[in-house]
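Welcome, and thanks for taking a look with me. Below are some numbered points to read alongside the picture.

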Amino acid sequence: MDLIPAAALAFYILSALFFNSFVIIFVTTVLLAALDFWVVKNVSGRILVGLRWWNEINNEGESVWKFECLDQESLARMNMKDSWLFWWTLYLTAGAWIVLGVFSLIRFEADYLLVVGVCLTLSIANIVGFTRCRKDAKKQFQAFASQTIASRFSSTIQSAFSVV
């Protein structure tokens, strides 16, 4: 699952050796980055960390973030190494695109900076989406835990007074 970001990065880096056409490099790199974006957002995130996010536009034209998280029992069974790999790959991919963007700036290649900009934007969108999703999942878990504790406490008090 983590081969797709490597494919986009590898193609971008090695493409100068095999192609003289900027159009081929642009289209192929952006398609690989878009495929990476979709797979990470809809498949890898769900399998490796139990999170999924998307953004919708409501009837008023406002952007609404939607988050989905597995239940706590399913999350507890997830492999922490997979989660670690997911998050590090997410951040390292963005870091690699930043480094490549700096190289494009140094070489004064604005056209290649455009490719890097598109790929970096997709990578950062996944970082923002999954970070917000993780925060929302923690908030939901804390609210659920508070509600459970409160209901047990109130039922314990009710049962204590009903005995009297």
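1. A word on terms to begin: helices (H or I, at least four residues) and strands (E, at least two) are DSSP runs, numbered from the N terminus. Counted that way, the protein chain has 5 helices and 2 strands. Their order along the sequence is α-α-β-β-α-α-α.

2. Please keep in mind that this is a predicted model, where local features need pLDDT of at least 70 and side-chain atom pairs count only at pLDDT 80 or more, while totals for chains, interfaces and linings use all residues. Residues are numbered from 1 along each chain as its sequence is written, and side-chain values use heavy atoms, with hydrogens and water left out.

3. Now the chain as a whole. Its accessible surface comes to about 10700 Å², using the Shrake-Rupley method with a 1.4 Å probe, where for residues only the protein chains shown count as cover. Carbon and sulfur atoms hold 68% of that surface. Of the 164 residues, 31% are buried; here buried means under 20% relative accessible area, exposed over 50%, and partly exposed in between (1.4 Å probe, protein chains only). A contact means heavy atoms within 4.5 Å. Among contacts with a separation of 6 or more, 65% join residues 24 or more positions apart.

4. Next, the aromatic rings. Rings of Phe, Tyr and Trp (its six-membered ring) pair if their centres lie within 6.5 Å; planes under 30 degrees apart count as stacked, over 60 as edge-to-face and the rest as tilted. The count by this rule is 10 aromatic pairs. One of them joins Y12 and Y112, edge-to-face, with 6.2 Å from centre to centre and 65 degrees between the planes. This pair links distant parts of the chain, as Y12 sits in helix α1 and Y112 in helix α5 (residues 110-163), 100 residues apart. Both tyrosines, Y12 and Y112, are buried. Together with F22, F26 and W97, they form one aromatic cluster.

5. What does Y112 touch, not counting residues up to four places away in sequence? The list is Y12, F22, I25 and S104. Y112 counts as buried because its relative accessible area is 17%. Its C-alpha atom is 9.1 Å from that of L100, which is 12 residues away along the chain.

6. L100 itself belongs to helix α4 (residues 80-106). With a relative accessible area of 14%, L100 is buried. Leaving out residues up to four places away in sequence, L100 touches L9, Y12, I13 and V116. L100 and G117 are 17 residues apart in sequence, and their C-alpha atoms are 9.8 Å apart in space.

7. Do look at N126 in helix α5 too. Is N126 buried or exposed? N126 counts as buried, because its relative accessibility is 2%. Its contacts, not counting residues up to four places away in sequence, are D36, F37, V40, K41, W53 and L90.

8. On the surface, I13, L14, L17, F18, F19 and I24 form a nonpolar patch with about 620 Å² of accessible area together. Patches are made of residues with over 30% relative accessible area and no salt bridge, with like charges joined within 9 Å and nonpolar side chains (Val, Leu, Ile, Met, Phe, Trp, Tyr) within 5 Å. Helix α1 (residues 3-18) gives the most to this patch, with 4 residues. I13 is found in helix α1 and counts as exposed because its relative accessibility is 52%.

9. In it, the side chains of R107 and E109 meet at 2.8 Å, N to O; E109 is partly exposed, at 25% relative accessible area. A disulfide is a pair of cysteine sulfur atoms within 2.5 Å, and a search of the whole structure finds 0 of them. As for cysteines, C119 is buried at 2% relative accessible area, and C133 is buried at 1% relative accessibility.

10. Last, a backbone detail to check. F108 lies in the loop between α4 and α5. This residue, F108, has a positive phi of about 55 degrees although it is not a glycine. F108 is exposed, with a relative accessible area of 76%.

How values were computed:
A salt bridge is a side-chain nitrogen of Lys or Arg within 4 Å of a carboxyl oxygen of Asp or Glu.
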